[in-house]
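Please read the numbered points beside the model.

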Amino acid sequence: MGAGILGVGHYAPDKIVTNKDLEKIVDTTDEWITSRTGIEERRIAGDNENSSDMAFFAAQSALKDANINAKDIDLILVATVTPDTPFPSVACMLQDRLGAQHAAAMDVSAACTGFVYGLVTAQQFIEAKTYKHVLVVGVDKLSKITDWTDRNTCVLLGDGAGAVVVGEVSEGKGILSHELGANGAGGRELYQNENDHLVMNGREVFKFAVRQMPESSVNVVEKIGLKKEDVDYLIPHQANIRIMEAARERLGIAEEKMAKTIKKYGNNSSASIPIALSESVKQGKIKENDLIVLVGFGGGLTWGAAAIRWGK
Ligand code: UT7
C-alpha cells in the first residue's frame with residue numbers, strides 16, 4: 001500500500017480585485033502586471049473572513065469528494081503563514097468546526113511551500129500505518145499582511161484555500177517520491193517585517209525560483225527511475241507565469257499540461273498548489289494513472305516537490 005490523495009477541494013472568496021482596481025491605489029498598469037506576472041485578477045477575503053473560515057469550506061469539500069466523515073480523520077495539518085491568531089492553531093479551529101474529535105491538529109509554517117511540506121508529512125504517517133486519514137489544508141489570507149502602498153508586492157497576492165484527504169492507496173499509486181529543502185540564509189529575501197507586512201526582494205526570489213522549481217521537478221521524477229518525458233501534468237506554485245513557464249520548458253511538457261490558475265487568483269501562497277490541483281481534477285485535466293508533479297517554493301527560503309501517480 002502507498003499513500004495518496006483520496007479527495008480534493010478548494011475555496012476562493014467572492015470579492016474580485018482586478019488590475020484596473022489596483023491602478024487606482026498604486027502607480028501600476030494592467031499591462032505591466034499582466035505581462036510581467038500573468039495575473040489579471042485576485043480574490044480578497046472579507047474583513048471578517050479568516051484563514052480558518054476559508055480552510056473550513058475547502059476541507060468540507062475535500063471530505064465530501066473523498067467520501068470521508070470528519071470523525072474518521074486522524075490528523076489535521078494546516079499550512080499557513082496567516083493564521084487567525086498565533087494560537088490556537090487554524091488546525092485546532094478547523095478540528096472543532098468540522099467535528100473531527102479524533103484528530104490531532106497542528107499548523108505547518110513553510111510559506112508558499114507549506115502545502116507540499118504538509119502533504120509529505122501526511123505521507124509519512126500513512127506509510128508508517130500510524131494514521132488512516134490525514135486532512136491537509138493550504139490556506140492563506142495574504143491580504144492581511146499586504147502593504148497596499150507597495151506596488152512591488154501588492155499586485156501579486158491573493159487569498160484562498162485548498163485541501164486534500166490523504167490515505168492508503170494501492171501499490172504503485174499515490175505519492176511516489178518527494179524532495180523538501182530549505183535555505184535559512186535566504187530568509188531576508190521574503191519575510192514579514194515589524195509592521196506585519198510582507199516584504200520581498202522580487203529579483204532574488206525570481207532567480208531562486210527559476211533555478212529551484214525545474215531542478216526539484218526533475219529530481220522527484222528521476223528518484224523513481226523515470227524521465228521528465230514521463231510527466232503527464234505539472235502543478236507549480238502559482239507565483240509568476242514566467243517562473244512557471246521556465247519549469248514547464250525545462251520539463252519539456254506541452255502548455256496544456258500545466259495547471260494555470262494564476263490569471264484569476266494571483267499568488268495565494270500555500271493555497272496555490274491545492275487550489276490548482278482541485279480545479280484541475282474537477283475540470284478532468286488529470287486522469288487515472290497520470291504522473292503528476294507538484295512543485296513549490298517560498299519564504300524561508302523553502303522548496304518542495306512531489307511526484308504522484310494519480311488514482312486510488
Ligand atoms: O510566493 C512568493 C514568491 N514570490 C515570487 O515568486 C516573486 C518573484 N519575483 C517576481 O515575480 C518578479 O521579480 C516581480 C513580478 C516581483 C517583478 O518583476 P521583474 O520583471 O523582476 O521586475 P523588476 O523587479 O526588475 O522591476 C522592473 C521595473 C522597476 O522599475 P525600474 O527600476 O526599472 O524603473 C520596478 O520599479 O518595474 C517596476 N515595477 C513596477 N511597475 C509597475 C515594480 N512593480 C511594478 C508594478 N507596476 N506593480
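1. Pro88 sits in the loop that runs between strand S4 (75-79) and helix H4 (90-98); helices (H or I, at least four residues) and strands (E, at least two) are DSSP runs, numbered from the N terminus. The bond joining Phe87 and Pro88 is a cis peptide bond, with omega about 0 degrees.

2. The model is a predicted one, in which local features need pLDDT of at least 70 and side-chain atom pairs count only at pLDDT 80 or more, while totals for chains, interfaces and linings use all residues. Residues are numbered from 1 along each chain as its sequence is written, and side-chain values use heavy atoms, with hydrogens and water left out.

3. Most residues other than glycine have a negative phi, and most peptide bonds are trans. Asn67, in the loop between H3 and S4, has a positive phi near 60 degrees. Ala111, in the loop between strand S5 (104-108) and H5, has a positive phi of about 50 degrees. Asn67 is exposed at 71% relative accessible area, whereas Ala111 is buried at 17%; buried means under 20% relative accessible area, exposed over 50%, and partly exposed in between (1.4 Å probe, protein chains only).

4. An open sheet of 4 strands has the order S8-S13-S12-S11 and mixed pairing; two strands pair if DSSP finds at least two bridges between them. Strand S8 (174-182) and strand S11 (233-236) are at the edges with a single partner strand each, so one side of each has no neighbour in the sheet. From one strand to the next the twist averages 10 degrees. S11 pairs with strand S12 (residues 291-298) in the parallel sense over 4 bridges, and Ile235 has Leu294 as its bridge partner in S12.

5. Two helices pack on this sheet. Helix H5 (residues 114-127) touches S8, S12 and strand S13 (302-309), and its direction makes about 130 degrees with that of S8. Helix H7 (residues 202-223) touches S8, S11, S12 and S13, at about 150 degrees to the direction of S12. Axes are lines fitted to C-alpha atoms, for helices over the stretch in contact, and angles run from 0 to 180 degrees between N-to-C directions; contact means heavy atoms within 4.5 Å.

6. Ser52 is part of helix H3 (residues 51-66) and is buried, with a relative accessible area of 10%. Its side chain makes a polar contact with the side chain of Asp84 (2.5 Å). Such a contact is a pair of N or O atoms within 3.5 Å; within protein, one must be able to donate a hydrogen and the other to accept it, and residues adjacent in sequence count only if both atoms are side-chain atoms.

7. In H8, the buried residues are Ile241, Ile243, Met244, Glu245, Ala247, Arg248 and Leu251. Their cover includes H2, H7, S11, helix H9 (262-265) and S12. Asn240 caps the N-terminal end of H8, with a side-chain oxygen 2.8 Å from the backbone nitrogen of Arg242. Gly252 follows H8 and has a positive phi, near 70 degrees.

8. Arg250 also lies in helix H8 and is partly exposed, at 41% relative accessible area. Arg250 and Glu215 are 35 residues apart in sequence and 8.6 Å apart in space, C-alpha to C-alpha.
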